[in-house]
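I wanted a record of what I looked up in this structure, entry by entry. I started from the whole chain and then went to the core and the ligands.

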Amino acid sequence: MSKRILVLGGGPSGLVAARTLSSLGAQVQLLEKGEELGGHLLDICELFPTRQTAVEVLATQLLRVAEDPNIMVRTQADIENLEGEQGCFRATLTNGEVEEVDSIILATGFDVYDPLLMPEYSALQTDRVMSGLEFEKRLAKGDNPLEPFGKLCSVSIILCAGSRDESHNPHCCQVGCRVGLHQADMIQRYSSDDTQVYLCYVDVRAHGKGGEAFYRETREKGLHILKGRPSEITFDPLDSTLKYVIHDQITRKLLEIESDIVILQTASIPTKGTGKLATMMGIELDSEGFFLSPNHFEQSRSTRPGIYLAGGCAGPTSLPEAMNLGARAALEAFEGL
Ligand SMILES: Cc1cc2nc3c(=O)[nH]c(=O)nc-3n(C[C@H](O)[C@H](O)[C@H](O)COP(=O)(O)OP(=O)(O)OC[C@H]3O[C@@H](n4cnc5c(N)ncnc54)[C@H](O)[C@@H]3O)c2cc1C
Ligand code: SF4
């Protein structure tokens with residue numbers, strides 16, 4: 001009899017996990033709580049460092065899952081209760097159905113930190129300050145993605161907003177630098193030549209394949225890179241301008257910057273419901289609230305046999321890492337039975 005595995009979460013890591021399991025001969029139940037499969041790829045316009053559209057990358061994955069007879073997809077579906085153990089789990093779904101499965105892969109992803117939780121931004125009564133994810137969501141999918149923003153004379157991108165900061169989230173969000181550089185690159189490509197783009201950083205961590213080359217290339221296109229944390233941002237509703245002061249540690253100059261929009265690369269945080277799910281699954285969380293993988297070199301394992309972890313639910317990841325972790329979790333879940 002084929003092995004039966006439930007994958008919870010239909011983002012990129014869950015899609016890869018489902019396809020890998022099917023190729024091994026398992027029967028897969030893929031549950032997604034949203035209306036559509038795709039996770040954060042549904043909200044992102046273009047991807048670093050290749051500049052491929054997220055739609056294009058996602059379409060290939062979706063087609064393979066849709067054509068796969070071993071994968072049963074349910075959207076607007078979640079788990080309500082779990083009983084049993086590895087080899088004979090009984091999962092009660094939100095629609096009341098009960099699925100008997102051998103193993104479970106959690107691929108529930110991450111959320112982004114709300115900039116309004118930070119005192120320096122919380123008083124700003126304007127939608128001109130936004131997270132990097134919100135910026136991506138607002139980009140049009142048309143010929144010029146910047147169209148919804150009208151004419152932009154100046155844009156500021158602030159890295160490490162609420163990340164690497166003990167009073168918010170101590171960890172590094174892993175992708176914010178590359179997302180910020182890529183958004184700067186998009187703004188420069190799609191706006192008029194005189195648009196000034198400022199990138200305020202603490203450290204630039206453009207790691208990963210192609211990351212360093214992408215950093216150098218973007219930098220050379222006239223981006224203003226300022227090292228330091230900006231002061232509190234103020235908003236003048238009369239001319240719709242945002243202002244902040246920054247001490248640039250490279251030039252040692254105190255600069256006052258005015259921008260039409262400010263994009264904050266905010267921290268990646270555990271997705272809503274992670275704590276509840278951990279209790280239901282009987283697994284532990286790490287100090288930052290992501291699912292805990294107790295062995296650094298076996299990151300797909302949770303603290304309970306039969307429950308595996310894929311992608312951003314175990315900590316912030318880039319897309320290739322999330323997809324690789326999906327495949328890894330599938331192999332571990334299949335072999336672990
Ligand atoms: C602004 C921004 C831009 C980015 N750009 C890039 C880029 O250009 N290149 C790159 O490499 N990476 C990029 N990333 C990172 C990339 O988005 C992640 O690596 C990737 O989305 C992780 O995939 P995932 O499947 O683990 O999680 P997610 O994409 O978060 O998907 C998780 C899925 O699980 C579902 N889910 C959650 N809880 C449940 C539940 N209880 N039951 C059922 N379903 C559930 C969610 O609805 C969602 O569909 C970016 C991230 C951000 C924030
Ligand atoms: S990836 Fe970059 S923006 Fe994100 S926390 Fe790390 S250093 Fe800061």
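The entries below follow that order.

**Entry 1: the model.** I noted before anything else that this is a predicted model.

**Entry 2: the whole chain.** I counted secondary structure and found eight helices and 18 strands in the chain. I then checked the radius of gyration, which is 21 Å against the 20 Å that the globule rule gives for 337 residues, so the chain is as compact as a globular protein of that length. Along the principal axes, the C-alpha atoms fill a box of roughly 70 × 40 × 35 Å.

**Entry 3: burial and contacts.** I looked up how much of the chain is buried: 45% of the 337 residues. For contacts with a separation of 6 or more, I found that 65% join residues 24 or more positions apart.

**Entry 4: the core.** Which residues touch the most other members of the largest nonpolar core? I found Val7, Ala17, Ile105 and Leu106, in a core of 93 residues. Helix α8 (residues 319-335) gives this core its largest share, seven residues. I also asked where the core lies relative to the domains. Domain 1 (4-109 + 271-335) and domain 2 (113-268) both contribute residues, so the core lies between them.

**Entry 5: Leu106.** I followed up one of those core residues. Setting aside neighbours within four places in sequence, I listed the contacts of Leu106 as Leu8, Gly9, Phe291, Ile307, Leu309, Ala310 and Cys313.

**Entry 6: ligand 1.** I counted 38 residues around ligand 1, with Gly9, Gly11, Gly39, Gly109 and Gly311 the closest. The elements that give two or more residues to this shell are α1 (12-24), β2 (27-32), β8 (110-112), α4 (132-138), α5 and α8. By type, I sorted the shell into 16 nonpolar, 18 polar and four charged residues. Each of domain 1 and domain 2 supplies at least three residues to the shell around ligand 1.

**Entry 7: ligand 2.** How many residues surround ligand 2? I found 13, and the closest are Cys160, Ser163, Cys172, Gly176 and Cys177. Strand β10 (154-161) and helix α5 (176-190) are the elements that give two or more residues to this shell. I sorted the residues around ligand 2 into six nonpolar, four polar and three charged. I noted that α5 is listed for the shell around ligand 2 and also for the shell around ligand 1.

Technical notes
Residues are numbered from 1 along each chain as its sequence is written. Chains are lettered from A and ligands numbered from 1 in the order in which they are written. This is a predicted model: local features need pLDDT of at least 70, side-chain atom pairs count only at pLDDT 80 or more; totals for chains, interfaces and linings use all residues. A residue is near a molecule or strand if its C-beta atom, placed from the backbone, lies within 6 Å of it. Helices (H or I, at least four residues) and strands (E, at least two) are DSSP runs, numbered from the N terminus. Ala, Val, Leu, Ile, Met, Phe, Trp, Tyr, Cys and Pro count as nonpolar, Asp, Glu, Lys and Arg as charged, and the others, Gly among them, as polar. The radius of gyration is taken over C-alpha atoms; the globule rule is 2.2 Å times the number of residues to the power 0.38. A residue is buried if 20 or more other C-beta atoms lie within 10 Å of its own, exposed if 12 or fewer, and partly exposed in between; C-beta atoms are placed from the backbone. Two residues are in contact if their C-beta atoms, placed from the backbone, lie within 7 Å. A nonpolar core is a set of buried Ala, Val, Leu, Ile, Met, Phe, Trp, Tyr and Cys residues joined through C-beta atoms within 7 Å. Domain bounds come from an automatic or database domain assignment.
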